[in-house]
Amino acid sequence: QVQLVESGGGLVQAGGSLRLSCVASGRTLSSYVMGWFRQAPGKEREFVAAISRSGGSTYYADFVTGRFTISRDNAKNTLYLQKEILKPEDTAAYYCAAAPRGNPDRVLTDKSEYSYWGQGTQVTVSS
């Protein structure tokens, strides 16, 4: 199975940017559909973005509205989430997740379809 470790979170002012990383070990990242989710205190974990195994297909939550970009470097076994124009409502713990799938172009938005999760990295956006 794959192990996932996120990094890159922190405190940032509104309007700023951050890049989150998720490094996979144990199995090659190219075997998995990858996704980013987030969870704010007292709220359900929600979908942010997903990327297919090949990297050719991506999908974003509506609230992203072009501010975030998901990408992957399978050679480095690393998933990224570039976040721009951050807002206070983006404050949450961000988690990367992996789902083994055969179709190289499929994306997944339902958290129940992901089998492996990282421990999360906290992002706090001040107003």
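Q: Which residues does Tyr 80 touch, not counting residues up to four places away in sequence?
A: Keep in mind that this is a predicted model. Tyr 80 touches Arg 19, Leu 20, Ser 21, Trp 36, Thr 69, Ile 70, Ser 71 and Asp 73, with residues up to four places away in sequence left out.

Q: Where is Tyr 80 placed, and is Tyr 80 buried or exposed?
A: You'll find Tyr 80 in strand β8. Its relative accessibility is 14%, so Tyr 80 counts as buried.

Q: How do I read the pairing of β7 and β8?
A: Look at the sense of the pairing and the bridges. Strand β7 (residues 68-73) runs antiparallel to strand β8 (residues 78-83), with 6 bridges.

Q: Which residues of β7 are on the covered face, and which on the uncovered one?
A: Phe 68, Ile 70 and Arg 72 make up the covered face of β7, while Thr 69, Ser 71 and Asp 73 make up the uncovered one.

Q: How about disulfides: how many are there?
A: General idea to begin with: a disulfide is a covalent bond between the sulfur atoms of two cysteines. Here the count is 1 disulfide. It joins Cys 22 to Cys 96, with an S to S distance of 2.0 Å. Cys 22 sits in strand β3 (residues 18-25) and Cys 96 in strand β9 (residues 92-100), so the pair ties together parts that are 74 residues apart in sequence. Both Cys 22 and Cys 96 are buried.

Q: Why is the disulfide of Cys 22 and Cys 96 called right-handed?
A: Check the torsion about the S-S bond: for Cys 22 and Cys 96 that torsion is about 55°, so the disulfide is right-handed.

Q: What should I look at in an aromatic pair, and how many aromatic pairs are there?
A: A pair of aromatic rings is described by the distance of the centres and the angle of the planes. Searching the whole structure turns up 6 aromatic pairs. One of them is Phe 37 with Phe 47, an edge-to-face pair at 5.7 Å centre to centre with 75° between the planes. Phe 37 lies in strand β4 (residues 32-39) and Phe 47 in strand β5 (residues 46-51), so this pair ties together parts that are 10 residues apart in sequence. Phe 37 and Phe 47 are both buried. They also belong to one aromatic cluster with Tyr 59, Tyr 114 and Trp 117.

Q: Which rings does Arg 45 lie over?
A: Arg 45 lies over the face of Tyr 95, 3.7 Å from the ring centre. Arg 45 also lies over the face of Trp 117, at 4.9 Å from the ring centre.

Q: And is Arg 38 buried or exposed?
A: Arg 38, in strand β4, has a relative accessibility of 6%, so this residue counts as buried. Now look for polar partners. The side chain of Arg 38 makes a polar contact of 2.7 Å with the side chain of Glu 46, and another of 2.9 Å with the side chain of Asp 90. Beyond residues up to four places away in sequence, Arg 38 touches a list of residues including Val 48, Phe 63, Phe 68 and Tyr 94.

Definitions and conventions
Residues numbered from 1 in each chain as written. Predicted model: local features only at pLDDT ≥ 70, side-chain atom pairs only at ≥ 80, totals over all residues. Heavy atoms only, no water. Disulfide = S-S within 2.5 Å. Helix = DSSP H or I, 4+ residues; strand = E, 2+ residues; numbered from the N terminus. Buried < 20%, exposed > 50% of the residue type's maximum accessible area, 1.4 Å probe, protein only. Phe/Tyr/Trp six-rings, centres within 6.5 Å; stacked < 30°, edge-to-face > 60°. Lys NZ or Arg CZ within 6 Å of the ring centre and 35° of its normal. Polar contact = N/O pair within 3.5 Å; in protein donor to acceptor, adjacent residues only side chain to side chain. Contact = heavy atoms within 4.5 Å. Pairing = 2+ DSSP bridges.
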